[in-house]
Amino acid sequence: MTLSPVLTFNDGNTIPQLGYGVWQVEDDVAEKVVAQAFEAGFRHIDTAKIYGNEAGVGRAIERSGLKPEDIFITTKLWNADQGYESTLKAFEESMERLGLETLDLYLIHWMQPKQDKYVDTWKALIELQKQGRVKTIGVSNFTKEGLQRLIDETGVVPAINQVELHPFFNQSELREFNASKGILTQAWSPLGQGGELLESPVIAQIAAKHNATPAQVVIAWHLAIGNVVIPKSVTESRIRENYAALEVSLDETDVQAINGLDQSAEGAGRIGPDPAVSDFA
Ligand code: NAD
């Protein structure tokens, strides 16, 4: 079985570049599909407190018999838990549900600029890392300004920034900023949530050329441009198909053609909320 390539964080730890995300998956279903993802070859799972399936992910880990050092688990601190003490507490509750001793990656889920607690929250993540409870700390849905503020006020650079990123919204500017600070970029909704993107004629043409599926081509594009990527599916054949994207190797012409699908210059392409202005409970 092909193993995912790994990328190295600014703290020296590594992350499998291809992972499996479980947003909008019921707890019981999560147990089943994470087991299928492990079977397919995935070793990196992306969950969050708010997904309500940390316990299901934990049961799948336990059932798998895989050693902690052979898997990589991410969970995220929910918005309502931001703040120093509340973060420490929420972390322990997540670990309890996951049934883990040590977490590979803990992320602040959203910046919440109006709530403005993310610097204190980040300090709690720094403390958890110091205590050895979490190996690597990072953020999700952070803007350049938010990242810079964490760096200026704590001196600790997040290892990764997980943001909405797919060919219709390719975040070239933020990717460049992240890279300039030594922050890896992780793509959420990497398949554009499976809508129009997978029907694009540009993607279809590249898929035909490589004897691959549209989803595989999009995943291969993420891998080619250096993103950590966490496609979701609850269909076993698609879980396997998505993992097999590791076998698809795009050339520079393919990558450029997919880069050309970005719609952000026209103010379009984004599916989810804009982190710069979104605060929600
Ligand atoms: P995605 O882009 O991975 O798309 C998933 C959908 O695409 C599936 O539900 C299915 O409809 C379709 N699909 C998947 N594989 C396919 C295939 N091989 N062929 C055809 N269609 C296929 O969307 P997502 O779930 O939004 O994002 C992936 C993961 O990113 C999530 O599960 C979660 O872990 C993470 N995420 C994080 C945040 C955040 O705020 N940090 C937000 C959204 C998602």
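Which residues have the most contacts inside the largest nonpolar core? They are Tyr20, Leu103 and Tyr106, in a core of 71 residues. Keep in mind that this is a predicted model. Helix 8 (residues 214–224) supplies the largest share of this core, with seven residues. Another core lies apart from it and has 10 residues, including Leu105, Ala159, Leu184 and Val228. In soluble globular proteins, nonpolar side chains tend to be buried together.

Back to Leu103: leaving aside neighbours within four places in sequence, Leu103 touches Ile73, Thr75, Phe91, Met95, Leu98, Arg133, Val134 and Lys135.

Thr136 is also worth a look. This residue belongs to strand 7 (residues 134–140). Is Thr136 buried or exposed? With a relative accessible area of 0%, Thr136 counts as buried because the cut-off is under 20%. Its side chain forms a polar contact of 2.8 Å with the side chain of Asp11. Beyond four places in sequence, the residues in contact with Thr136 include Phe9, Asn13, Asp104, Tyr106 and Gln129.

Now for the ligand. There are 27 residues around the ligand, and Asp46, Gln162, Ser189, Leu191 and Asn242 come nearest. Here are some N and O distances:

| Protein atom | Ligand atom | Distance |
|---|---|---|
| Trp23, backbone N or O | oxygen | 3.0 Å |
| Leu191, backbone N or O | oxygen | 2.7 Å |
| Glu241, polar side-chain atom | nitrogen | 3.0 Å |

Taken alone, the ligand exposes 830 Å², and the protein buries 89% of that area.

Methods:
Residues are numbered from 1 along each chain as its sequence is written. This is a predicted model: local features need pLDDT of at least 70, side-chain atom pairs count only at pLDDT 80 or more; totals for chains, interfaces and linings use all residues. Side-chain values use heavy atoms; hydrogens and water are left out. A nonpolar core is a set of buried Ala, Val, Leu, Ile, Met, Phe, Trp, Tyr and Cys residues joined through side-chain atoms within 4.5 Å. Buried means under 20% relative accessible area, exposed over 50%, partly exposed in between (1.4 Å probe, protein chains only). Helices (H or I, at least four residues) and strands (E, at least two) are DSSP runs, numbered from the N terminus. Contact means heavy atoms within 4.5 Å. A residue is near a molecule or strand if one of its heavy atoms lies within 4 Å of it. A polar contact is a pair of N or O atoms within 3.5 Å; within protein, one must be able to donate a hydrogen and the other to accept it, and residues adjacent in sequence count only if both atoms are side-chain atoms. Accessible areas come from the Shrake-Rupley method with a 1.4 Å probe; for residues, only the protein chains shown count as cover.
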